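I opened a notebook for this structure and wrote down what I looked up. The entries follow in the order I made them.

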Amino acid sequence: MFNFAKPKNPYRKKGKDYNLSENSKLTANDFAYSAKLASSIYKVFKSLQRESCKSDTFSRFKKVVYQTIRNDQEHMLGQLRLGYGSVSPLKGFRFSKKSNWQSFFLNYPTIYFDAQKGEVRIAIPPILIHDFNKFPSRISKIIMKMHCFQVAIDSENTIEFNSSKDLLLQQGDNMPSRSVVFSTKNKADVLLLCVGTLQTWLLSADGQEEFLSYNSSLMTAEIMDALLIRDGQLCSFAEERLDDLKPPILPVTNDEVDWI
């Protein structure tokens with residue numbers, strides 16, 4: 001039996017001696033910044049609905065955050081930052097690929113941003129009895145919540161968020177349109193992420209008890225919209241139409257916001 005030493009490449013250098021191109025170094029700086037930011041936001045996301053977070057969730061989220069950072073229109077490579085370009089890559093991101101909002105309801109919530117009032121309103125369209133017909137018969141009720149993240153556009157990128165109270169949807173009930181309002185006052189420069197979550201309760205086999213399902217196909221958590229606010233005003237970009245933009249929200253306290 002012979003042991004052969006692995007041939008060494010005399011031209012390969014490691015560590016500090018490795019000569020990265022200048023652009024590669026700058027790109028690495030931007031990637032490190034976006035990865036740190038993605039990690040900070042994801043830690044809070046995960047607390048909303050841990051069961052929806054799969055092995056690839058963070059990797060996918062890190063990718064869309066990096067795409068967003070790369071949209072920076074003001075800074076040079078190596079100094080790219082959040083909030084200086086389109087944040088559209090964040091819209092529609094969902095924790096699990098197994099389900100999304102339309103796995104449950106046809107229409108997405110409508111989101112309005114009012115710069116004068118400094119608030120975001122999320123309106124849920126009416127939900128009728130027949131909307132439940134496509135669900136497994138064992139689903140007894142659905143719990144809906146809305147959450148609003150505010151990521152500061154500054155050197156710290158501090159994150160605050162607030163949530164609505166539970167909105168209960170039960171088999172056999174019609175629900176009129178409902179709204180929840182989050183304040184954005186005193187937040188002149190901020191990225192607003194509106195996140196919707198749904199969880200289901202199932203009946204036991206004998207129909208006598210209810211329990212919360214932890215099946216990821218019977219729940220969803222999704223970024224309904226991402227809004228960039230600068231100087232208190234909603235920003236739009238060339239690839240976006242103002243009419244298509246949806247809303248964000250407020251933090252500061254942990255008090256849940258009531259539905260209207």
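Which residue in β5 is the bridge partner of isoleucine 142? I found that leucine 169 is that partner.

Before going on, I noted that this is a predicted model, in which local features need pLDDT of at least 70 and side-chain atom pairs count only at pLDDT 80 or more, while totals for chains, interfaces and linings use all residues. I also noted that residues are numbered from 1 along each chain as its sequence is written, and that side-chain values use heavy atoms, with hydrogens and water left out.

**Entry: strand β3 and its partners**

I took the strand names from DSSP runs, numbered from the N terminus (strands are E, at least two residues; helices are H or I, at least four). Two strands pair if DSSP finds at least two bridges between them. β3 covers residues 139-152. I looked up how β3 pairs with β5 and found 4 bridges, with the two strands running antiparallel. β3 is also antiparallel to β7, and 13 bridges join them. There, glutamine 150 has leucine 192 of β7 as its bridge partner. With β4, β3 pairs in the antiparallel sense over 5 bridges.

Is β3 mostly covered or mostly uncovered? I found it mostly covered, as 14 of its 14 residues are buried. Buried means under 20% relative accessible area, exposed means over 50%, and partly exposed is in between (1.4 Å probe, protein chains only).

**Entry: the open sheet**

I then looked at a sheet of 3 strands, which is open and has the order β1-β2-β6 with antiparallel pairing. β1 (110-114) and β6 (178-183) are at the edges with a single partner strand each, so one side of each has no neighbour in the sheet. Neighbouring strands here are turned by 20° against each other on average, direction ignored. The axes behind such angles are lines fitted to C-alpha atoms, for helices over the stretch in contact, and angles run from 0 to 180 degrees between N-to-C directions. β1 pairs with β2 (residues 119-124) over 5 bridges. Threonine 110 stands opposite alanine 123 in β2.

**Entry: glutamine 199**

I found glutamine 199 in strand β7 (residues 190-203). What does glutamine 199 contact, leaving aside its neighbours within four places in sequence? The contacts (heavy atoms within 4.5 Å) include Lys141, Ile142, Ile143 and Leu218. Glutamine 199 and leucine 218 are 19 residues apart in sequence, and their C-alpha atoms are 6.8 Å apart.

**Entry: aromatic rings**

How many aromatic pairs does a search of the whole structure find? It finds 8. Rings of Phe, Tyr and Trp (its six-membered ring) pair if their centres lie within 6.5 Å; planes under 30 degrees apart count as stacked, over 60 as edge-to-face and the rest as tilted. Phenylalanine 31 and tyrosine 66 are edge-to-face, with 5.5 Å centre to centre and 70° between the planes. Phenylalanine 31 is partly exposed at 40% relative accessible area, whereas tyrosine 66 is buried at 17%. I also noted a cluster linked by ring pairs: Phe45, Phe61, Phe93, Phe95, Phe149 and Phe161.

**Entry: charges**

How many salt bridges does a search of the whole structure find? I wrote down 7. A salt bridge is a side-chain nitrogen of Lys or Arg within 4 Å of a carboxyl oxygen of Asp or Glu. Lysine 145 forms one with aspartate 166, with the closest N and O atoms 3.7 Å apart. Lysine 145 lies in β3 and aspartate 166 in the loop between β4 (159-163) and β5 (167-170), so the pair ties together parts 21 residues apart in sequence. Lysine 145 is buried at 15% relative accessible area, and aspartate 166 is partly exposed at 48%.

Arginine 230 forms a salt bridge with aspartate 189, the closest N and O atoms being 3.1 Å apart. The charged end of arginine 230 also sits over the ring of tyrosine 84, 4.8 Å from its centre. This requires NZ of Lys or CZ of Arg within 6 Å of the ring centre and within 35 degrees of the ring normal.
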